[in-house]
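Please keep the sequence and the model in view while reading.

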Amino acid sequence: MMSKTMHIDTPLLEVDGDYSACGRPLLFKMDALQPSGSFKLRGLGLRCIQAAAGGTKGIVCASGGNAGYAAAYAARQLGLAATIIVPTSTSMEARNAIQTFGAEVHVEGSSFDDADAFARKWAADHGAAYLHPFDDPILWEGHASLVDEVVAAGKPFDCVVTAVGGGGLLLGIIEGLKRNGLSDIPIIAVETDGAASLHASIAAGRPITLPAITSVATSLGARRVAQAAFDAGMTDQVISVTVSDSEAVKACLKFADATRVLVEPACGAALAAADVHADLIQRFERPLIEICGGIGTSIARLQTWKETFGL
Ligand SMILES: *Cc1c(COP(=O)(O)O)cnc(C)c1O
């Protein structure tokens with residue numbers, strides 16, 4: 001049945017005004033609690049359901065991170081073979097995590113672009129469905145479900161704060177606002193310095209490919225955003241800001257203490273905006289922050305980053 005979803009309806013947490021420098025009560029959409037540890041299951045789950053309905057026997061996706069993990073999870077639920085192509089930079093921990101869902105992990109190339117080129121070829125050679133980690137309207141449609149859930153919960157909000165990597169999550173939120181008649185709600189799009197491909201593109205007025213990613217927020221490490229994300233970034237609905245790695249890690253530590261939930265620096269970036277860009281966020285009464293989550297975090301890693309940044 002097409003009504004089946006892979007993702008779950010995640011909780012909405014409320015914290016009061018003294019949580020952050022912006023002084024506003026904040027709503028946290030807790031996608032860190034998805035079975036795949038991040039929001040990625042929303043879009044990739046839908047994509048896998050559609051691929052299965054189309055008769056595919058297998059999927060292939062290039063990602064050493066949360067997209068690969070979510071695709072592997074969804075494929076297992078649907079009984080599809082999953083092949084995840086990771087670059088050499090992907091940690092053993094991440095490779096092992098993907099394998100726990102029965103997916104095959106192939107190591108190819110030193111960057112996402114190399115792994116992605118191989119994934120496309122692999123899909124063509126093996127008749128498998130190729131999955132892109134962020135540049136696909138089906139993914140955006142799936143990610144949009146997070147907005148549907150907040151609206152269904154009846155909690156008013158007047159801006160959405162989200163992290164941006166390749167822009168799939170941003171485009172999903174835009175789609176979700178649109179289909180709920182809320183396109184007048186602005187989105188604060190947050191990147192870390194060293195992974196700020198959207199910010200650089202908006203400043204230049206054309207899509208920019210970063211020479212390298214130098215941020216610890218590796219899940220935001222798309223050197224170039226989707227064209228649709230750039231186009232959205234050029235509209236008034238999207239306000240692009242950046243935070244430092246140190247600020248993102250600090251926000252992860254504060255969030256862990258407050259909620260007892262661990263998230264990646266990619267997610268910490270969105271949380272940090274409420275402190276670092278307090279002047280901007282306090283223009284809104286009920287900010288909604290997308291807690292995008294991520295499996296690339298642990299007590300030990302947060303401790304290491306804490307020391308690295310002298311926090
Ligand atoms: C993928 C991811 C992002 C960025 O999402 P995009 O769709 O690439 O913009 C942010 N945070 C986490 C935890 C992610 O897994």
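At roughly what angle do the axes of helix α10 and helix α13 cross? Helix α10 (residues 245-259) and helix α13 (residues 299-308) have axes that cross at roughly 135° and come within 10 Å. Axes are lines fitted to C-alpha atoms, for helices over the stretch in contact, with angles from 0 to 180 degrees between N-to-C directions. Helices are DSSP runs of H or I with at least four residues, numbered from the N terminus.

## Basis of the model

The model is predicted: local features need pLDDT of at least 70 and side-chain atom pairs count only at pLDDT 80 or more, while totals for chains, interfaces and linings use all residues. Residues are numbered from 1 along each chain as its sequence is written, and side-chain values use heavy atoms, leaving out hydrogens and water.

## A second pair

The axes of helix α1 (residues 40-53) and helix α2 (residues 66-78) cross at roughly 40° and come within 9 Å. That angle makes α1 oblique to α2. The crossing of α1 and α2 is right-handed.

## The ligand

The ligand is surrounded by 16 residues (a heavy atom within 4 Å), and the closest are K40, N66, G165, G167 and L169. An oxygen atom of the ligand is 2.7 Å from an N or O atom in the K40 side chain. Ligand oxygen also lies 2.8 Å from a polar backbone atom of G167.

How values were computed
Polar contact = N/O pair within 3.5 Å; in protein donor to acceptor, adjacent residues only side chain to side chain. Helix = DSSP H or I, 4+ residues; strand = E, 2+ residues; numbered from the N terminus. Parallel < 35°, antiparallel > 145°, perpendicular 65-115°, else oblique. Left-handed = near helix turned anticlockwise from the far one by under 90°.
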